[in-house]
Amino acid sequence: MASPASRSDAAAAGRLYLQFRLGADRYALDVHDVIEVLPVPALKRVPEAPAWVAGLFPHRGELLPILDLSQMAFGRGAPLRTSTRLVLVRYRTDGQGPEQWLGLILEQATHTLRRDPAAFRDYELDNGSARYLGPVLEDEQGLLQRVSVDQLLSDEARARLLPLRSEPV
């Protein structure tokens, strides 16, 4: 077990993020949003769903919608490699309301890194419907952009994929 001093040193060093890629670009999810990281399983396809809905995944008695973030962002599916992962995340409508789970297929989601959240800076470009794309940070490896799980779905997509439940998962 970590000592109180080592926990405060870690907190001072910044917040922990799961790093992943979409093509050649680096992105990060706050690990507080991450429930579990798994290999990509076989998924039940959803007929007539948007191309970025990779399918459904049964997990602990629930059917979770799985989104291919590469398909959502760039219109091409994530390559299925050993470093491509299914990342189960906590989703709340704009950070409020009941917690629901969904899955994200992410490329090269195999490393974590610790960064100061204040080091990420907003940029002046309009993200359009990609409101999930957050501020960026420049480090020795280039640019790293935060992704906000709570901003992933439009109102229409949320209504189709995450019907309201009376209790959190």
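Which residue lies over the face of phenylalanine 120? It is arginine 146, at 4.8 Å from the ring centre, where a charge counts as over a ring if NZ of Lys or CZ of Arg is within 6 Å of the ring centre and within 35 degrees of the ring normal. The model is a predicted one, in which local features need pLDDT of at least 70 and side-chain atom pairs count only at pLDDT 80 or more, while totals for chains, interfaces and linings use all residues. Residues are numbered from 1 along each chain as its sequence is written, and side-chain values use heavy atoms, with hydrogens and water left out.

The structure holds two aromatic pairs (ring centres of Phe, Tyr or Trp, the last by its six-membered ring, within 6.5 Å; planes under 30 degrees apart are stacked, over 60 edge-to-face, the rest tilted). The rings of tyrosine 17 and phenylalanine 120 have centres 5.4 Å apart and planes at 55°, so this pair is tilted. Phenylalanine 20 and tyrosine 27 form a stacked pair, with 5.8 Å from centre to centre and 20° between the planes.

Phenylalanine 20 is also among the residues with the most contacts inside the largest nonpolar core, which has 26 residues (a core being buried Ala, Val, Leu, Ile, Met, Phe, Trp, Tyr and Cys residues joined through side-chain atoms within 4.5 Å, and buried meaning under 20% relative accessible area, with a 1.4 Å probe and protein chains only). Apart from this core lies another, of ten residues, including Phe57 and Leu88.

Key: Buried means under 20% relative accessible area, exposed over 50%, partly exposed in between (1.4 Å probe, protein chains only).
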